[in-house]
Amino acid sequence: MQDRDFDLVLFGATGFTGRLVAEVLHGATAGPRAREAGLRWALAGRDRARLEALRGELGTQAPVLAADAHDAAALAAIARRARVVLTTVGPYQRHGEALVAACAGAGTDYVDLCGEPLWMATMIARLQAPAAASGARVVFSCGFDSIPFDLGVLVLQQAMAGRFGAPAREVRARVRVMKGTLSGGTAASALATFEATAREPALAARMDDPFALTREQPGFAGAPQPPLGEAGYDDWARAWCGPFVMAPINTKNVHRTNALRGHPWGTDFRYDERQLTGSGPVGEQRARALARRTRLQNFLLGLGPARGLIGRFALPQPGQGPGRAAREAGRFEVLFTGETAAGERLSLVVTGDRDPGYGSTSRMVTEAALALLHDVDRAATPGGVWTAGAALGLALVRRLEAHAGLAFRLEEAHASSVTPRARASPRAPAAPWPAAPGSRRYGAGSCR
């Protein structure tokens, strides 16, 4: 595809997150120390005047391409000119199908920030064959959902295999710190998912299925998974924990990575993702309060009138977001602990030095797109619908550590049979954006 006009097209460049990605790309391509000097990239979106204004603000010479998210012909023309398309235009279930279908048909690689598993499952079934035929690598969920979790499990499992000669039979992800704000696009995507399940209640069962993104593999059912319960005590972390808002999407992507890699972690692999709230009575109180808030939130979001009011007055709108100081003050930290069938344990911590929903996400998705351009061999990763962990793997880990402010480090004090020491944030925050619906997702259960 070297004869194409552009190496990368950023679609949705004038949205809040799109502008942040544009800033990252401009910083990587401009100046005497540009690490991506010579990258041929373009700004794309619906409004040409706004795109040209953004180009002027950035001081870039990147071309401008105007196309509506629902104009299939215009999007197909853009896809044929690009090697990879990066899109930030969501909710994807409302605005994303025409573009990803155009890329799948044109043999153009594609990355997005989608955290909408119902739509993703539909696109996997619909686009796997045309993407495989054209050579397009389609990679969903390249932001905070689900790169730190997907790659955190991958890196830990490779360390487990190297040290113990066997993968972890179970991995527990425990969010220790998450300081940041909700994006308007993420809120809109979550509300769209609630609306979809309200229209078609049977979809709630798919949302509740941890293997919803692997169902195209004949004969694979998956082992029973830990219920993501209301509140419980984690005997590995020696702390209380409750539901984590991104677990419904991250869990599905982690299991899909295992499946796409041929189940190197076993067909009985178990993955459990929660939020730590502390130890002792205070930690228990925080965990139970978090669970109550989650139940109430899900109940209200399941009601049409309440959902409309919450979406209008309680959640940020698309295009809104925090200022630079707030983005740079944010951070996140996730503890992953794995245990082999023989009881050997090892822990890994993944950290990010920016607000997870904006500062880190804009850099993660940029590096995912650049990894597809530069680092991933088509023989090893042919056309198809992928996860970041399966398609990009350690190549993306290296990029994230070098350029996106993430770190993946083993906690040696937690290795082998040593139980991890809990380190909870001082106060358990309320769920910062809507959790996906599903009747069992927040049912009773411990964190064991």
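This is a predicted model: local features need pLDDT of at least 70, side-chain atom pairs count only at pLDDT 80 or more; totals for chains, interfaces and linings use all residues.
The protein chain holds 16 helices and 14 strands. Of its 448 residues, 59% are buried. Contacts were also examined by sequence separation. Among those with a separation of 6 or more, 78% join residues 24 or more positions apart.

Strand β4 was followed through its pairings. Five bridges link β1 and β4 in the parallel sense. Within this pair, Leu 10 has Leu 86 of β4 as its bridge partner. Four bridges link β4 and β5, again in the parallel sense. Here Val 85 is partnered by Tyr 110 in β5. The pairing continues from strand β5 (residues 109-112) to strand β6 (residues 137-139), which are parallel over two bridges. Tyr 110 stands opposite Val 138 in β6.

The burial of β4 was examined next. Six of the six residues of β4 are buried, so the strand is largely enclosed by the rest of the structure. Thr 87 belongs to this strand, which spans residues 82-87. Its relative accessible area is 2%. Buried means under 20%, so Thr 87 counts as buried. The Thr 87 side chain reaches the backbone nitrogen of Val 89 at 3.2 Å. Beyond its neighbours within four places in sequence, Thr 87 is in contact with Phe 11, Tyr 92, Leu 99, Tyr 110, Val 111, Asp 112 and Leu 113.

Helix α2 covers residues 48-58, and its buried residues are Leu 51, Leu 54 and Leu 58. These residues cover an arc of only 60 degrees around the axis, which puts them on the same side of α2. Ala 49, Gly 56 and Glu 57 are exposed on the other side. The buried residues of α2 pack against α1 (16-29), β2 (41-45) and β3 (64-66). Both ends of the helix were also inspected. At the start of α2, a side-chain oxygen of Asp 47 comes to within 3.0 Å of the backbone nitrogen of Ala 49. Gly 59 follows α2, and its phi is positive, near 75 degrees.

The other open sheet also has seven strands, ordered β8-β9-β10-β7-β11-β12-β14. Its pairing is mixed. The edge strands are β8 (232-234) and β14 (406-410), and each pairs on one side only. Neighbouring strands of this sheet are turned by 35 degrees against each other on average, with direction ignored. Strand β8 is joined to strand β9 (residues 239-243) by three bridges, and the two run antiparallel. Tyr 233 has Trp 240 of β9 as its bridge partner. Helix α14 (residues 356-374) lies across β7 (170-179), β11 (331-339), β12 (345-352) and β14. Helix α14 runs at about 70 degrees to β11.

Cysteines were considered last. A disulfide is a covalent bond between the sulfur atoms of two cysteines. A search of the whole structure finds zero disulfides. Cys 114 has 0% relative accessibility and therefore counts as buried. Cys 142 likewise counts as buried, at 0% relative accessibility.

Conventions: Residues are numbered from 1 along each chain as its sequence is written. Side-chain values use heavy atoms; hydrogens and water are left out. Buried means under 20% relative accessible area, exposed over 50%, partly exposed in between (1.4 Å probe, protein chains only). The arc is that of the directions from the helix axis to the C-beta atoms. Contact means heavy atoms within 4.5 Å. A polar contact is a pair of N or O atoms within 3.5 Å; within protein, one must be able to donate a hydrogen and the other to accept it, and residues adjacent in sequence count only if both atoms are side-chain atoms. A disulfide is a pair of cysteine sulfur atoms within 2.5 Å. Two strands pair if DSSP finds at least two bridges between them. Axes are lines fitted to C-alpha atoms, for helices over the stretch in contact, and angles run from 0 to 180 degrees between N-to-C directions.
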